[in-house]
Amino acid sequence: SRAAVLIIPGGAYVGVAVSSEGPLVARWFTQRGISAFVLRYRLPALNGPHAPLQDGVRALLVLRSRATSLGINPYRIGIVGFSAGGHVALGVSVHYAHAFASRDQDSCMATEPRPWFGRTLSRPPDFLILVYPVVTLGVPEGCVSHCLKALLGPTPDPQLVEFYSYERHLSSAAPPAFVLQSTNDICVPPHNHALLLAKAYREVSRPLKLHLIPGGCHGYSVGLCPIHVLYLTRCDCLLTPEEETWLSRLEAWLALRRDILGS
């Protein structure tokens, strides 16, 4: 049975960037013998603030419960998250035991998580791959202010801001992580996201490989489609060579993670 990844595209919680951060990414993994599944999650505007996290948790539950029929190893399933999709991925890894999974509106709006018909995840994803991820909602700058408003509304409940600021909730159960971000990312500034996550991982003594690319921008996916996530248009900057070839860094990291991916 093969390793697998659940791919969660970004979109600032106002859309889901499947066209640039979905099948293109999945093809890269399948070409390397890793099964890939793309999550098109519900958006909070119509489904409440917990909907994206609910869908991420349920997707991982489904993959693990159907691992035999899908030909994948239930103990080698990771999550790949881009931008706001990275925020969802982190949420699954932090709040996995709570599940949040009833689809009714009242539960979606609740501040307390509820299990999916009594089912919860017994452990987090087996690894994380986070590309220009949103980590915290506690510092609303750049595009993160729009993520915050889209997810929690114009006057966010401080309790929910705390809940969705994942650097505050890491534990010794945090999965091994690969994190990549560009230093000139004005949408999701690295000092309050990638670097903040690396610090939080260090505090709980968990492994994280951080790659900071000099210069660059946001939304470049697999190095083919630079997208400005706020307006969903092409960004003004050109991709740097490091952004175009960042997948080689990921491939090198995966080659070292045989404890996860197998031989």
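Which backbone nitrogen lies 3.3 Å from a polar atom of the side chain of Asp 126? The answer is in point 2, after an overview.

1. Overview. The model is a predicted one. Its secondary structure comes to 13 helices and 6 strands. The protein has 263 residues, and 59% of them are buried. Of the contacts with a separation of 6 or more, 76% are between residues 24 or more positions apart.

2. Asp 126. The backbone nitrogen in question belongs to Arg 76; a polar atom of the Asp 126 side chain lies 3.3 Å from it. Asp 126 sits in the loop between helix 7 (105-109) and strand 4. Its relative accessibility is 15%, so Asp 126 counts as buried, the cut-off being under 20%. Setting aside neighbours within four places in sequence, Asp 126 is in contact with Arg 64, Pro 74, Tyr 75, Arg 76, Ile 77, Gly 78, Pro 175, Pro 176 and Ile 260.

3. Arg 64. This contact of Asp 126 is a residue of helix 4. Arg 64 has a relative accessible area of 13% and is therefore buried. Between the C-alpha atoms of Arg 64 and Pro 74 the distance is 4.8 Å, although the two are 10 residues apart along the chain. Both Arg 64 and Pro 74 are in the contact list of Asp 126.

4. Helix 4. This helix runs over residues 51-65, which is 15 residues. Helix 4 is mostly covered, with 12 of its 15 residues buried.

5. Helix 8 and its surroundings. Helix 8 covers residues 144-152. Its buried residues are Val 144, Cys 147, Leu 148, Ala 150, Leu 151 and Leu 152. What covers them includes helix 3 (44-47), helix 4, helix 6 (84-95) and helix 9 (158-163). Gly 153 follows helix 8 and has a positive phi, near 90°.

6. Nonpolar cores. The largest nonpolar core has 51 residues. Those with the most contacts inside it are Ile 8, Leu 128, Leu 137, Leu 152, Tyr 164 and Leu 197. Not counting residues up to four places away in sequence, Leu 137 touches His 87, Val 144, Leu 148, Leu 151, Leu 152, Val 161, Tyr 164 and Ser 165. Another core, of 28 residues, lies apart from the largest one; Ala 3, Val 5, Phe 29 and Leu 180 are among its members.

7. Aromatic pairs. How many aromatic pairs does the structure hold? There are 5. One of them joins Phe 82 and Tyr 132, with 5.9 Å between the centres and 55° between the planes, and is tilted. Phe 82 lies in strand 3 (residues 72-82) and Tyr 132 in the loop between strand 4 (128-131) and helix 8, so this pair ties together parts that are 50 residues apart in sequence. Phe 82 and Tyr 132 are both buried. In the pair of Phe 163 and Tyr 164, the ring centres are 5.3 Å apart and the planes are at 75°, so that pair is edge-to-face. Phe 163 and Tyr 164 are buried as well. Ring pairs also bring in Tyr 166, which forms a cluster with Phe 163 and Tyr 164.

8. Cysteines. A search of the whole structure gives 0 disulfides. Cys 147 has a relative accessibility of 3% and so counts as buried. Cys 187 is also buried, with a relative accessible area of 3%.

9. Tyr 13 has a positive phi near 65°. Tyr 13 lies in the loop between strand 1 (2-8) and helix 1 (18-21). Ser 205 likewise has a positive phi, near 60°, and is placed in the loop between helix 10 (194-203) and strand 6 (208-213). Is each of these residues buried or exposed? Tyr 13 is buried, with a relative accessible area of 4%, whereas Ser 205 is exposed at 64%.

Terms used. Residues numbered from 1 in each chain as written. Predicted model: local features only at pLDDT ≥ 70, side-chain atom pairs only at ≥ 80, totals over all residues. Heavy atoms only, no water. Phe/Tyr/Trp six-rings, centres within 6.5 Å; stacked < 30°, edge-to-face > 60°. Helix = DSSP H or I, 4+ residues; strand = E, 2+ residues; numbered from the N terminus. Buried < 20%, exposed > 50% of the residue type's maximum accessible area, 1.4 Å probe, protein only. Expected span 1.5 Å × (residues − 1). Core = buried A, V, L, I, M, F, W, Y, C linked by side-chain atoms within 4.5 Å. Contact = heavy atoms within 4.5 Å. Disulfide = S-S within 2.5 Å. Polar contact = N/O pair within 3.5 Å; in protein donor to acceptor, adjacent residues only side chain to side chain.
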